[in-house]
Amino acid sequence: MSDATIPTESAGAAPRSPQSGPAESGPAESGPAESGPAETRLSRSALSDEAAALDAADRLRAKRDAFVLDDVIYLDGNSLGALPRAVPPRLADAVGREWGELRIRSWEESGWWTAPERIGDRVGRLVGAAPGQMVVGDSTSVNVFKAVVAAVRIAQERGAHRDQILVDEATFPTDGYIAESAARMTGCTLRPVAAGDVPGAVGARTAVTLVNHVDYRTGRLHDLPGITAAVHAAGGLVVWDLCHSAGALPVGLDAHGVDLAVGCTYKYLNGGPGAPAYLYVARAHQPRFDSPLPGWNSHADPFGMASAYTPAEGSARGRVGTPDILSMLALEAALEVWDDVTIEDVRAKSLALTDFFLRCVEDHVPAGRVQSVTPTAHAERGSQVALRCVDAGEVMAELTRRGVVGDFRRPDVLRFGFTPLYTGFAEVERAARVLADVLPKEG
């Protein structure tokens with residue numbers, strides 16, 4: 001890609017920290033398009049033909065039929081995933097039969113009671129967690145709180161001098177709010193640092209480091225293996241927020257020795273608005289996981305109703321109160337689309353989609369109108385592209401009116417999310433053409 005046409009800048013994100021191993025190389029990249037209308041038409045035709053060929057060769061193409069979609073080009077799956085077709089009939093059965101007919105019997109006969117761990121294991125498969133380490137329930141915010149406070153308690157068992165929480169300075173705001181509250185509650189100080197600077201910032205006082213795997217604004221992918229290893233070398237624990245990576249790329253929680261992780265299920269996992277989040281506690285830490293929110297659902301004998309709290313064994317320690325069953329069952333049905341899909345195939349298509357979109361934007365959009373703040377290196381990119389432009393809010397509103405749905409992040413960023421299970425290459429090329437038409441003209 002010609003940086004003169006779509007320059008890339010950090011937009012306040014952390015310095016680049018490549019994943020372990022060499023960066024993946026993308027396809028050969030085209031130079032700037034010629035300026036004449038005839039050449040533009042030829043270029044658009046060539047890109048349209050290429051998009052058709054890529055769609056024909058797409059191994060995941062048939063998965064699109066598993067979702068409720070229309071003619072809108074939906075590039076906001078990194079905010080809310082599309083509706084899987086399996087969800088409405090599953091919810092109808094859950095409401096009409098399991099709740100309507102079986103009623104209280106469904107806690108046992110319909111498997112309601114075991115849903116948090118059962119569905120947790122299905123999510124765990126997609127982020128590299130062996131069974132028994134993931135529980136589904138509550139919101140991402142609540143799970144961040146549980147994970148950070150419990151991690152501080154584990155770290156302070158190793159030494160009371162561990163009184164510092166490091167947090168990704170560009171984190172999603174709620175993570176920062178909760179980290180600051182957790183620091184006050186545990187007698188720690190909070191230290192915001194750039195994610196890429198964590199290896200040099202951790203030390204003997206570090207209790208916990210909280211990092212987003214993918215930056216929600218820019219789509220920058222942070223170095224999970226390297227940061228985890230650096231925190232461990234300093235004697236601390238790490239909590240990863242996987243909201244923008246689960247279902248979009250391999251994570252490898254077990255393989256990289258991650259301590260705790262959290263994330264939502266309504267983005268690339270398509271669990272629906274307000275779908276329950278998940279909490280990962282590595283098996284080695286489960287006996288010492290001391291939740292700051294002990295509830296009857298995580299008690300070793302939940303129906304004993306004892307006044308003293310005794311935590312359950314395993315991932316059930318991450319539960320609190322009565323599970324939100326209808327949302328969980330919707331999520332379980334949504335996860336069925338992953339039964340015959342590998343996350344490696346999803347990652348390959350994600351990179352191909354974002355590469356192609358950047359090429360199409362370079363070709364269709366006049367030079368200087370947009371500026372990419374998403375890294376071009378594959379090892380540093382999630383599954384979205386963020387473009388900075390003038391009047392971004394108005395631009396996104398007009399894109400939406402014309403049937404291209406992304407989202408706007410203040411003050412000047414257009415954010416496009418690419419969900420490989422249902423996004424096609426022809427849609428990507430058309431989206432770039434509409435963007436070119438919508439952008440304000442010079443003068």
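Predicted model: local features only at pLDDT ≥ 70, side-chain atom pairs only at ≥ 80, totals over all residues.
**Exercise 1.** Work out how helix H10 is oriented relative to helix H12, and which residues join them.

Solution. 
1. Locate the two helices: H10 covers residues 343-364 and H12 covers residues 425-438.
2. Take the geometry of the pair: the axes lie 9 Å apart and the packing angle is about 30°.
3. Classify the angle: H10 is roughly parallel to H12, because angles under 35 degrees count as such.
4. List the contact: H10 contributes Lys349, Ala352, Leu353, Phe356, Phe357, Cys360, Val361 and His364. From H12 come Phe425, Val428, Glu429, Ala431, Ala432, Arg433, Leu435 and Ala436.
5. Sort these residues by class: twelve are nonpolar, one is polar and three are charged.

**Exercise 2.** Describe the second largest cavity by its volume and its lining.

Solution. 
1. Count the cavities: two have 30 Å³ or more.
2. Give the volume: the second largest cavity has about 30 Å³.
3. Name its lining: Arg64, Leu69, Val72, Tyr74, Tyr422, Thr423 and Glu427.
4. Sort the lining by class: four nonpolar residues, one polar and two charged.

**Exercise 3.** Characterise the largest pocket, from its volume to the classes of its lining residues.

Solution. 
1. Give the volume: the largest pocket holds about 340 Å³ of space.
2. Find the residues closest to its centre: among the 24 lining residues, these are Phe172, Cys243, Cys264, Tyr266 and Lys267.
3. Assign elements: helix H5 (140-158) and helix H6 (173-186) are those that give two or more residues to the lining.
4. Sort the lining by class: nine nonpolar, nine polar and six charged residues.

Key
Residues numbered from 1 in each chain as written. Heavy atoms only, no water. Axes fitted to C-alpha atoms, helices over the stretch in contact; angles between N-to-C directions. Helix = DSSP H or I, 4+ residues; strand = E, 2+ residues; numbered from the N terminus. Parallel < 35°, antiparallel > 145°, perpendicular 65-115°, else oblique. Contact = heavy atoms within 4.5 Å. Nonpolar A, V, L, I, M, F, W, Y, C, P; charged D, E, K, R; others polar. 1 Å grid on protein atoms, 1.4 Å probe; cavity = no way out; pocket = protein on both sides within 12 Å on 5 of 7 lines; lining within 4 Å. Points joined across faces, edges and corners; volume = space filled by probe spheres on them.
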